[in-house]
Amino acid sequence: MTAVLRNVIAQNIAELRKNNNMTQLELAERLNYSDKAVSKWERGESVPDVAVLKNIADIFLVTVDYLLEQTHKKAAPPAAKTVVRARRRGVITWLGVLMVWMVATIAFVAIQLAISTIGRAWLVFVWAIPVSAIVWLIMNSVWFNRRRNYFIISVLMWTLLAATHITLLLWGMNVWLVYLLGIPAQFIIFLWSGVTIKQTDD
């Protein structure tokens, strides 16, 4: 890639970011990269790969061609559109989570009406917590800061263990040892997040 094209891409990324009132760190988090990587792109020291260029274009509602052009026939959309789209995605994410709880509530009512003698129908709400975490993880992976996935995975893991423990406890099995499984798993999540972030820095 020529130095001219590299500088054009650098200028376009910096301009779009500033026009949208976004810091290098905020852009980096949206892309699951470090702010140092974004800084290198904007200085023309390195160029993001094609997949990252596509993600940048999607964030700022432009085409990849826009990032490669020195002069633009069509101006980039205003920052307000980017904000509106982010809010819309946030609402959709919350709707997805609320749908999980709606299904759990319907299941609870159905069980109570069909078999009123069952006193453990409330367990559906316990299991709705890890299911909500799964929905959150999917939405975050598609639309938001992927670095947050490691936190969501941790929430998912511990809520799954807690739901399992509570369920077995009701059946007379106090298997609190299931939480020990979470300790090495948490270390793996932590170490894997460090490896992934380091790779994006490089």
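1. Let me start with Asp-58: in this predicted model, the residue has a relative accessibility of 32% and counts as partly exposed. The reason for that label is the range it falls in, since partly exposed sits between the 20% limit for buried and the 50% limit for exposed.

2. The partner of Asp-58 is Lys-54, and the two form a salt bridge whose closest N and O atoms are 2.9 Å apart. Lys-54 is partly exposed too, at 41% relative accessibility. Both residues belong to helix α4 (residues 50–59), where a spacing of 4 residues puts them about one turn of the helix apart.

3. Next, please have a look at Glu-42 and Arg-17, which form a salt bridge with the closest N and O atoms 2.5 Å apart. This pair links distant parts of the chain: Arg-17 is in helix α1 (residues 3–19) and Glu-42 in helix α3 (residues 35–43), 25 residues apart.

4. Are these two residues buried or exposed? Glu-42 is buried, its relative accessible area being 16%, and Arg-17 also counts as buried, at 9% relative accessibility. Both get that label because their values lie under 20%.

5. Finally, Arg-43 and Glu-45 bring their side chains together in a salt bridge, at 2.8 Å from N to O. For Arg-43 the relative accessible area is 48%, so the residue is partly exposed.

Methods: Residues are numbered from 1 along each chain as its sequence is written. This is a predicted model: local features need pLDDT of at least 70, side-chain atom pairs count only at pLDDT 80 or more; totals for chains, interfaces and linings use all residues. Side-chain values use heavy atoms; hydrogens and water are left out. A salt bridge is a side-chain nitrogen of Lys or Arg within 4 Å of a carboxyl oxygen of Asp or Glu. Helices (H or I, at least four residues) and strands (E, at least two) are DSSP runs, numbered from the N terminus. Buried means under 20% relative accessible area, exposed over 50%, partly exposed in between (1.4 Å probe, protein chains only).
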